[in-house]
Amino acid sequence: MLKKLNHVSTTSFSAKIWNMLTDHDAHYLYLEIRDEEEHQVSFAAYALSQQKLLWRNLSFEENWWIGMQAADKDVLVFHTYEDSDNPEKKAHFAIDIRSQQPVWSSALLQVLDVHDQVIYGYELNADDKKAYKYLSLKDHAENTIDEKEISIALQNISVENKYIRHPFHYTEEEAYFATVRTFVQTYMNLQVYKGCEYLEHADLIFISYYIQESSALANYLLVIDQNGTLQLHEKLDDQLSQIGIGTFMIIRDQLIFIKRKRELVSYAI
């Protein structure tokens, strides 16, 4: 039996969804919401297994120069800029994702990633050389590690993320784009421009493409099954000057995308 899409949820926010981040086991999807007019940033968490928003409107004393750095199944790590003119130097802190209370902070350790309650990063010494370290959030024990060892550890962590599938991104200079463009033009009778994103998953074909509308680009998401039956055709955004990357993703058999920059949309596959 061919898979079908079933709408799960649409969550609207009052400002732009600026960034998204998942933990490595894909339990949660975290969102960074930035209000550029008010110069305010807040954060939200979507529980993927429960298919619902866990919390929203989380904010901190620093209300703009702050962002998400890394995520684990139990903690979310943020960075704040010590000097907005020097993005290399940051302070970091972690919160428990259930209570949203701080569990760790450091003005020295530059965080690279977090996994299984262990933070990996480095400190800069006097001559700006990196001293690599890892720190246990269970007992805050800190240990040194050489560059090769931390590289292997970080690589192993990224390989473990088997629950998330990102589409292939093709620009108009690539041969695969011509193939996808021809298909969309035949199927939808539309002229496709600039680039596209393509993914096959669970007997479904996902294509994010761009057409010209009102002297600008409009981005659409097309989903069909392997028999060619239309499952979804949704406008994601318009009035665009350039194409984007990561316009949709599949997480634990959920199609996730952002619509008009302010809506988080989920479909079960």
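**Starting with a helix**

Tutor: Helix α2 covers residues 175-188, so 14 residues, and spans 20 Å from its first C-alpha to its last, close to the 20 Å expected at 1.5 Å a residue. The expected span of a helix is 1.5 Å times one less than its number of residues. Helices (H or I, at least four residues) and strands (E, at least two) are DSSP runs, numbered from the N terminus.

Student: Where does the model come from, and how are residues numbered?

Tutor: It's a predicted model, where local features need pLDDT of at least 70 and side-chain atom pairs count only at pLDDT 80 or more, while totals for chains, interfaces and linings use all residues. Residues are numbered from 1 along each chain as its sequence is written, and side-chain values use heavy atoms, with hydrogens and water left out.

Student: Back to α2, then. Which of its residues are buried?

Tutor: Phe177, Val180 and Val184 are buried in α2. They sit on the same side of α2, because they cover an arc of only 70° around the axis; that arc is taken from the directions from the helix axis to the C-beta atoms. Buried means under 20% relative accessible area, exposed over 50%, and partly exposed in between (1.4 Å probe, protein chains only).

Student: What do the buried residues of α2 pack against?

Tutor: They pack against β15 (168-171), β16 (195-201) and β17 (204-213). Contact here means heavy atoms within 4.5 Å.

Student: And what's on the face turned away from the buried side?

Tutor: The exposed residues Ala175, Thr179 and Thr186 are there. Threonine 186 has a relative accessible area of 64%.

Student: What happens just after α2?

Tutor: Asparagine 189 takes a positive phi of about 60° there. Most residues other than glycine have a negative phi.

Student: OK, new topic. How covered is strand β18?

Tutor: Mostly covered: ten of the ten residues in β18 (residues 216-225) are buried. Ala216, Ala218, Tyr220, Leu222 and Ile224 point one way, and Leu217, Asn219, Leu221, Val223 and Asp225 point the other way. In a regular strand the side chains alternate between the two faces of the sheet.

Student: Which strands does β18 pair with?

Tutor: β18 pairs with β17 in the antiparallel sense over ten bridges, and with β19 in the antiparallel sense over seven bridges. Two strands pair if DSSP finds at least two bridges between them. Serine 208 has leucine 221 of β18 as its bridge partner, and leucine 217 stands opposite leucine 240 in β19.

Student: What about the hairpins there?

Tutor: The hairpin of β17 and β18 has two residues between the strands, and serine 214 takes a positive phi near 50° in it. In the hairpin of β18 and β19, there are four residues between the strands, and glycine 228 takes a positive phi near 85°.

Student: What lines the largest pocket?

Tutor: The lining has 19 residues, of which Ile17, Ile245, Gly246, Ile258 and Lys261 lie nearest the centre. The elements giving two or more residues to it are β2 (16-22) and β19 (230-240). β2 gives the most, with five residues.

Student: Last one: is lysine 90 buried or exposed?

Tutor: Lysine 90 is buried, with a relative accessible area of 17%. Lysine 90 lies in strand β8 (residues 90-96). Leaving aside neighbours within four places in sequence, lysine 90 is in contact with several residues, including His79, Tyr81 and Gln110.

Key. On a 1 Å grid over the protein atoms alone, a cavity is a set of points where a 1.4 Å probe fits but cannot get out, and a pocket is an open set with protein on both sides within 12 Å along at least five of seven lines; lining residues have an atom within 4 Å of a point.
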